[in-house]
Amino acid sequence: MRYSAPMSLAEIPSRLDDALSSTDRGVIVLAVDGLSSDVAKQSWLSASLSTLSSTVPSTSATALLTALTGVPADVHRVPGTVYRNGSGLVHAINGAPAIPDLPTVLERHGATVLARELDLLEGTWAQALLRGCTRIPAPPRHKLTAQAEDPPLLVANVVADLDKALPDARFLWTYVNVDDHVRAHGYDESVHEAMLRLDAHASRWAAQGWTVVAHSDHGQVPVDPDPALVAAWDEIVREECVIPSGGAGRMRWLYPAEDRTEAVFDRVATTLGSTATVHHAADLGLPQPETGPVVAVAASPRFPIADPSAKFEHGGTSRDEIDVPFAIWK
């Protein structure tokens, strides 16, 4: 059963418009990659907190673009991390997919951004997110990697950079990457501690007259992919598909030969059994031809994700992946 929270990430631009129209001093936005709604409820104790619904699939490539443009995937045409673009596959974050020319809320208000890891990406996805903004240069890659491995250190550095930027800006947006740590370790004590510290600093900025907004793009859940199912998925791709499979984590799709779609649908459903639900892309509202017509959505930790080394993953439609926090400190 597909789960939906009451309001979508597409609401964020209008909410930021409202915040900018009523703030005393300015607006700070903390875009926290990979934070679950439950962890936010346990740690953002000083905020007014609500729940939004992520995109389908629940992955950063799709969700962040929706959060900044206010449009769904069938408009911005980034339906996942790996999808068909022309005659072959493209990796949305590292590649150069064709993305429609869509204004973002950051561009409309002339935001200053601390894009951090996103600032080091050269593909068209990052350009679409950060177009028209004043960028504060990112730290060196090795420092960002070290910070991503230590969430409290990450928050300390984000806060220090924001404090330096505050005197010269009215609208600041920053990327906070807890996703890498959670994928490897889950929502451990260091994530909770980091978010408690972020809450304290958000309260401090609010006391200085700032409106502080924080939101996530997706949550994550534990995974333990079955090697036999990984091998079986790869076999279906080799035997039935015209290009490799695409998707994002716990949602994957196939590009079968034109006359083999229904046969592949049945074969995937039989092979994956109770570990997945299998759908036609149109039934999930996924755009084609970018998305393959046969879509498997994880229903079990044993689902054959593309990265078997991950301990936590996302992309699916479970509550823990789809529910994302939206917080305001005023």
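These are my notebook entries on a predicted model of one protein chain.

**Entry 1: the whole chain**

I started with the secondary structure and found 13 helices and 15 strands in the protein chain. The radius of gyration is 20 Å, close to the 20 Å that the globule rule gives for 330 residues, so the chain is as compact as a globular protein of that length. I then looked up the extent of the C-alpha trace, which spans about 60 × 40 × 40 Å along its principal axes.

Of the 330 residues, 57% are buried. The protein chain exposes about 13,000 Å², and carbon and sulfur atoms supply 51% of that area. I also checked the contacts with a separation of 6 or more: residues 24 or more positions apart account for 75% of them.

**Entry 2: helix α1**

I went to α1, residues 12–22, and asked which of its residues are buried. They are Ile 12, Pro 13, Leu 16, Ala 19 and Leu 20. Seen down the axis of α1, these fall within an arc of 120°, so they line one face of the helix. On the face turned away from that buried side I noted Asp 18 and Ser 21, both exposed.

**Entry 3: helix α8**

Helix α8 covers residues 151–165. I compared its reach with expectation: 21 Å from the first C-alpha to the last, close to the 21 Å expected at 1.5 Å a residue.

I listed the buried residues of α8 as Pro 151, Pro 152, Leu 154, Val 155, Val 158, Val 159, Leu 162 and Ala 165. They cover an arc of only 150° around the axis, which puts them on the same side of α8.

What do the buried residues of α8 pack against? I found the strands β1 (26–33), β5 (112–114) and β7 (171–177), along with the helices α7 (141–148), α9 (179–185) and α10 (189–207).

I looked at both sides of β11, residues 251–254. Side chains in a regular strand alternate between the two faces of the sheet. In β11, Met 251 and Trp 253 lie on one side, Arg 252 and Leu 254 on the other, and all are buried. I noted that Arg 252 is among these buried residues.

For pairing, I found β10 (residues 246–248) antiparallel to β11 and joined to it by 3 bridges. Gly 247 stands opposite Arg 252.

Definitions and conventions: Residues numbered from 1 in each chain as written. Predicted model: local features only at pLDDT ≥ 70, side-chain atom pairs only at ≥ 80, totals over all residues. Heavy atoms only, no water. Buried < 20%, exposed > 50% of the residue type's maximum accessible area, 1.4 Å probe, protein only. Helix = DSSP H or I, 4+ residues; strand = E, 2+ residues; numbered from the N terminus. Pairing = 2+ DSSP bridges. Arc of directions from axis to C-beta. Rg over C-alpha atoms; globule rule 2.2 N^0.38 Å. Contact = heavy atoms within 4.5 Å. Areas by Shrake-Rupley, 256 points an atom, 1.4 Å probe, with all protein chains shown as cover. Expected span 1.5 Å × (residues − 1).
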